[in-house]
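Work through the exercises below with the model open. Try each task before you read its solution.

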Amino acid sequence: MFQDIGEMIILFWRTLQSLPQLWRQRLKTFEQLFEIGNASLLMACILSLFIGGVLALQTGPVMVERGLAGLIGGIVGISVCKELAPVMMAVLITGRIGSAMAAEIGSMRVYQEIDALKTMNINPIQYLVLPRVVAISLALPMLVVFAVMVGWMGGALVSVFNKDISISFATYFNNLRNVVEVSDVVNGLIKSFVFAVTIGVVCCHQGLQTIGGPRGIGRSVTKAVVNSIVMILILDYVLTRILLYFNL
């Protein structure tokens, strides 16, 4: 495990060193960005709508019983933008995009296409890793902003139309506007950026380490997804502690 962590840190450092080559890889970066958005937008919308709805459904009746129905908007707003949207979008991207990255690079490794790139004096990190890490680092924060908006709307719909809660849209959004600050949204964006870099590096690393044919590709994909999700949850706690220190 420690060897994998060390190799991932080295891969991350080499990717940072390759950033000056980003302009030359801009077309591949845009292709990856489009693929991530195209593959994830609908799922992000459905997931966020129901996350906001379930949150309102779970907390709403309890708040109503205690005469605090007017605070539901703030609870849903803070929970979605600071925690649920960044983590759930990161898990979604890991499953849909990270696994595809690991499988694609793993296949190139197994069928010696990466060796062919090296033979042609093409750096695999600049050609394969850099566009993917940059694209996912741009796409995930944008998806989180979209998910936050949809999640708030999901909470509003349940709060208005569920007979056990039954508050107005104005009450819900007035409380949300009073409670949620710009710094809360920034908190979620910082988390999502760190999660995105982690997913990109972990999945590309697993792809580059693939050996053993089709079965090895399957193992790499599984390992990439599991390791990414574990690291997302660990980083979520660490980042929350750090951001609390800065009042974010």
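Predicted model: local features only at pLDDT ≥ 70, side-chain atom pairs only at ≥ 80, totals over all residues.

Residues are numbered from 1 along each chain as its sequence is written, and side-chain values use heavy atoms, with hydrogens and water left out.

**Exercise 1.** Count the helices and strands of the protein.

Solution. Take helices as DSSP runs of H or I with at least four residues, and strands as runs of E with at least two. The protein then has 8 helices and 0 strands.

**Exercise 2.** Describe how α5 and α6 pack.

Solution. Start with the axes, which are lines fitted to C-alpha atoms over the stretch in contact; angles run from 0 to 180 degrees between N-to-C directions. The α5 and α6 axes lie 9 Å apart, at an angle of about 140°. That makes α5 oblique to α6, because angles under 35 degrees count as roughly parallel, over 145 as roughly antiparallel, 65 to 115 as roughly perpendicular and the rest as oblique. Next, list contacts (heavy atoms within 4.5 Å). Residues of α5, including W152 and F161, meet F169, Y172, F173 and L176 in α6.

**Exercise 3.** Find the largest nonpolar core and the contacts of Y172.

Solution. Join buried (under 20% relative accessible area, 1.4 Å probe, protein chains only) Ala, Val, Leu, Ile, Met, Phe, Trp, Tyr and Cys residues through side-chain atoms within 4.5 Å. The largest such core has 56 residues. Its largest share, 15 residues, comes from α3. Y172 is among the residues with the most contacts inside this core. Leaving out residues up to four places away in sequence, Y172 touches I72, G73, V76, W152, G155, A156, S159 and I167.

How values were computed
Buried < 20%, exposed > 50% of the residue type's maximum accessible area, 1.4 Å probe, protein only.
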